[in-house]
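Work through the two exercises below with the sequence and the coordinates at hand, and compare each step of the solution with what you find.

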2 protein chains.
Amino acid sequence: MRTRLTERQNQVYEYIRSYVRKHSKPPTLKEIGRGLAIRSTNGVHKLVAALEKKGYITKTPNEARGIALVDTDPDAYAFDEGPPSLPLISRTRSDAPERLRLRPAGFLYTDPRLLDRTDPDECLIARAGDDGMNGDGIRKGDFLVVEETDWQGLRNGTLVAVLFDETLVVRRFDHANGRLHFRPADRTYNEEAFAPDSPDCYVVGRVRAVMRKL
Amino acid sequence: MRTRLTERQNQVYEYIRSYVRKHSKPPTLKEIGRGLAIRSTNGVHKLVAALEKKGYITKTPNEARGIALVDTDPDAYAFDEGPPSLPLISRTRSDAPERLRLRPAGFLYTDPRLLDRTDPDECLIARAGDDGMNGDGIRKGDFLVVEETDWQGLRNGTLVAVLFDETLVVRRFDHANGRLHFRPADRTYNEEAFAPDSPDCYVVGRVRAVMRKL
DNA sequence: CCCGAAAGTGAAAATATATTCACCAAGCCC
DNA sequence: GGGCTTGGTGAATATATTTTCACTTTCGGG
């Protein structure tokens with residue numbers, strides 16, 4: 001299993017992934033620097049070297065745009081012809097949550113017992129976008145069964161799937177002092193707080209189950 | 001409608017397309033030259049400029065791997081939920097014809113009247129890979145309804161879908177002097193002939209219909 | 001308090017890649 | 001026969017990109 005990434009390393013990784021999807025080619029070090037406000041290509045170079053060392057990417061030495069993502073086969077979880085199952089959502093921004101189910105990236109068959117008597121029509125599958133909940137045994141890449149709910153219906157302390165801008169993560173939810181708080185379960189990640197109407201975060205719903213490929 | 005390509009230009013275009021699919025990034029001019037036995041990067045540069053001028057690709061000036069294909073959205077003909085229809089075959093090599101139906105790129109609904117009483121289970125959809133049959137009103141990108149048949153069952157003069165290595169094209173078929181002949185209907189393309197057991201060509205079958213998006 | 005890891009800065013050097021220049025050959029059309 | 005288009009050659013130039021070097025700051029753990 002791959003060593004987990006720091007928050008900044010994860011940002012670099014997600015930037016690369018997003019760039020590849022958008023431009024159909026990997027970014028240069030300079031472009032990564034521009035995208036993440038890093039002025040020195042050496043700073044980017046070090047972060048990228050860390051991603052390679054940890055097995056998240058590969059690099060072709062001395063080649064322009066020589067970064068390649070590992071495990072990028074989108075067909076790995078493509079639609080099979082078994083019974084209908086839950087939609088695996090594609091990348092969505094926190095300010096456009098209506099697009100969550102618009103074009104699923106695929107579907108994942110889910111044993112109904114994992115749904116804990118919730119309505120399957122109200123559930124969807126998302127993937128955890130970081131290691132912020134490592135302390136709770138949830139890792140980057142895990143499949144999450146999420147029951148869509150408004151944050152008003154959540155008790156404090158509930159595990160939620162939340163979109164921070166374009167990254168979907170799991171956090172423990174609290175509503176206090178007129179703000180929404182999201183606590184990670186890992187000391188290298190920071191708690192974040194938002195005004196309830198902020199476009200920078202969107203609570204997708206309650207995490208009902210986790211599935212992981214080993 | 002885009003101006004049609006010469007044979008060599010089409011080879012460059014198909015090389016780029018194949019490279020993008022295989023490497024998840026566009027090739028450099030040097031790589032294209034290596035792939036098509038062109039020693040001078042200027043020779044490649046000219047061919048690539050022609051593709052851009054004719055609207056098949058775009059180029060970002062002075063940028064490494066700055067070639068981008070136009071109209072590469074694979075979802076344009078993705079599976080819809082209408083009745084089952086014919087499989088749209090993915091790229092296949094002439095020496096591995098058993099892979100033709102292995103992983104269809106999609107499906108295309110086909111009016112049964114286009115099949116001319118042939119068994120739909122024996123038909124598939126392919127896309128014409130060049131403009132070699134322009135004289136017969138068949139153009140690169142056209143959808144072909146192909147009835148899979150062995151070449152022995154074909155009359156001379158039949159329109160066939162044939163794989164030349166990794167490129168699928170339409171040609172008029174003749175069997176003469178112990179060889180298979182494939183005649184284009186365009187003066188800038190060459191007739192080709194193969195021994196019947198050559199791995200460099202494979203006759204997919206008889207072209208039953210053509211469909212085109214305008 | 002010190003050390004190591006992580007995340008940077010700025011600059012220089014090495015290498016890759018795109019573009020331009022001058023030229024040649026073949027084929028087609030007028 | 002000449003002109004134009006297409007498809008090259010080899011080389012030089014310009015620009016992009018990666019890699020390396022020497023350094024600094026912050027933070028966490030021992």
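A polar contact is a pair of N or O atoms within 3.5 Å; within protein, one must be able to donate a hydrogen and the other to accept it, and residues adjacent in sequence count only if both atoms are side-chain atoms. This is a predicted model, in which local features need pLDDT of at least 70 and side-chain atom pairs count only at pLDDT 80 or more, while totals for chains, interfaces and linings use all residues. Residues are numbered from 1 along each chain as written, chains are lettered from A and ligands numbered from 1 in the order written, and side-chain values use heavy atoms, without hydrogens and water.

**Exercise 1.** Describe polar contacts to DNA strand D.

Step 1: a polar backbone atom of A:Arg65 lies 3.3 Å from a phosphate oxygen of DNA strand D.

Step 2: turning to the bases, the side chain of A:Asn42 places a polar atom 2.9 Å from a base nitrogen of DNA strand D, and an N or O atom in the side chain of B:Asn42 is 2.7 Å from a base oxygen of DNA strand D.

**Exercise 2.** Locate the second largest pocket relative to the domains of chain A.

Step 1: a pocket is an open set of points on a 1 Å grid over the protein atoms alone, where a 1.4 Å probe fits, with protein on both sides within 12 Å along at least five of seven lines, and lining residues have an atom within 4 Å of a point.

Step 2: 21 residues line the second largest pocket, and A:Phe164 and A:Asp165 are among those nearest its centre.

Step 3: because domain 1 (7–69) and domain 2 (75–211) of chain A, with bounds from an automatic or database domain assignment, both give residues to this lining, the second largest pocket lies between them.
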